[in-house]
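Dear colleague,

My notes on what was found in it follow.

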Amino acid sequence: MNNLRLEVENEIAVLTISRPGALNALNSETLDELNVCLAEIEARDDVKVVILTGGPDKKDNPYKSFVAGADIAEMVNFTAAEARAFGMKAAEPFFKLMNMRQVTIAAVNGFALGGGCEIAMACDIRIAADNAVFGQPETGLGIIPGFGGTQRLARLVGMGRAKEMIFTCDNIDANEAYRIGLANKVVAKEELMETAKAMAKKIISKGSYAVSIAKAAINNGYDMDIKNAVEMEANLFGITCSTHDKQEGMSAFLERRAAELTDF
Ligand code: CO8
């Protein structure tokens with residue numbers, strides 16, 4: 001892989017997008033690598049949480065940029081057909097981040113602009129360094145967010161705020177992102193990875209199978225009517241009740257001891 005780095009330790013995969021000369025902008029090669037890498041991660045039993053972050057810039061500053069967008073140099077001469085294909089190429093790994101059985105956390109270490117904000121939004125959770133900057137500058141470039149931004153931003157922060165960000169191209173800082181629900185947490189930049197790993201560890205300490213079923217229930221139910229969504233949840237609840245973890249988790253509570261959860 002030319003533009004991605006994968007490190008797995010303690011059931012946490014840290015996936016770093018690394019294009020130092022372009023502030024980690026997403027080009028076709030990076031999207032392809034991401035797609036392959038996420039498929040491999042999903043098949044691994046030794047990974048329970050994925051943390052996605054950006055590598056240092058060319059001056060080796062680790063807090064300059066998460067992802068500064070899709071690669072403008074690649075897009076400048078796109079025909080309409082090529083642009084559509086590029087959007088669909090991103091949709092695959094973005095849906096993997098959203099729907100894979102492992103929890104995905106974006107550790108936003110600087111600029112999260114355009115496609116960078118969009119890939120962070122495809123993750124389950126966003127933790128922002130205090131210097132992070134979020135924005136959707138596309139309309140200023142004569143395009144629209146094309147990696148799911150018009151859809152995911154409105155779902156996360158509401159239509160009014162999404163429209164304001166997309167129509168004005170105003171960037172927002174980490175605290176504002178937290179205030180409007182775009183970031184789950186803001187931490188000192190030096191504590192970003194430590195915080196993301198601590199959250200990952202806490203999630204891993206729960207029943208991993210239950211967490212992955214809960215993720216599926218939230219994702220699948222979101223666009224359903226409430227009646228069907230609640231029925232779908234009841235079905236998934238039934239499935240979790242057939243697991244070792246349910247028996248162990250509830251017995252441990254009743255016996256006043258710590259549960260020894262496995263991943264099923
Ligand atoms: N694409 C390509 N190269 C980039 C990008 C990018 N998005 N962002 C930065 N770079 C490059 C710069 O060109 C520069 O390269 P070089 O050193 O060779 O000149 C290098 O990274 C460093 O950047 P700067 O010198 O500009 O660094 P500054 O600290 O001065 O500024 C900024 C940092 C503010 C982040 C600035 O680089 C910037 O504004 N970048 C562009 C941000 C942007 O507009 N992002 C949105 C892009 S459009 C998009 O994401 C659409 C997604 C959907 C596509 C759907 C298609 C179907």
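In this predicted model, helix α9, covering residues 208-222, packs with helix α10, covering residues 226-240, at an angle of about 170°, and the two axes are 10 Å apart. Since angles over 145 degrees count as roughly antiparallel, α9 and α10 are therefore roughly antiparallel to each other. On the α9 side the contact is made by Y209, I213, A217, N220 and G221, which meet A229, M232, L236, I239 and T240 in α10. By class, the residues of this contact between α9 and α10 divide into 7 nonpolar and 3 polar, with no charged residue among them.

The other part of these notes concerns the ligand. There are 25 residues around the ligand, and the closest of them are K58, K64, A70, I72 and G115. That shell divides into 14 nonpolar, 6 polar and 5 charged residues.

Of the 1100 Å² of accessible area that the ligand has on its own, the protein covers 65%.

As for the elements that give two or more residues to the shell around the ligand, these are α2 (72-75), α3 (80-99), β6 (111-113) and α4 (115-122), and α3 gives the most, with 3 residues.

With best regards

Terms used. Residues numbered from 1 in each chain as written. Predicted model: local features only at pLDDT ≥ 70, side-chain atom pairs only at ≥ 80, totals over all residues. Heavy atoms only, no water. Axes fitted to C-alpha atoms, helices over the stretch in contact; angles between N-to-C directions. Helix = DSSP H or I, 4+ residues; strand = E, 2+ residues; numbered from the N terminus. Parallel < 35°, antiparallel > 145°, perpendicular 65-115°, else oblique. Contact = heavy atoms within 4.5 Å. Nonpolar A, V, L, I, M, F, W, Y, C, P; charged D, E, K, R; others polar. Near = heavy atom within 4 Å. Areas by Shrake-Rupley, 256 points an atom, 1.4 Å probe, with all protein chains shown as cover.
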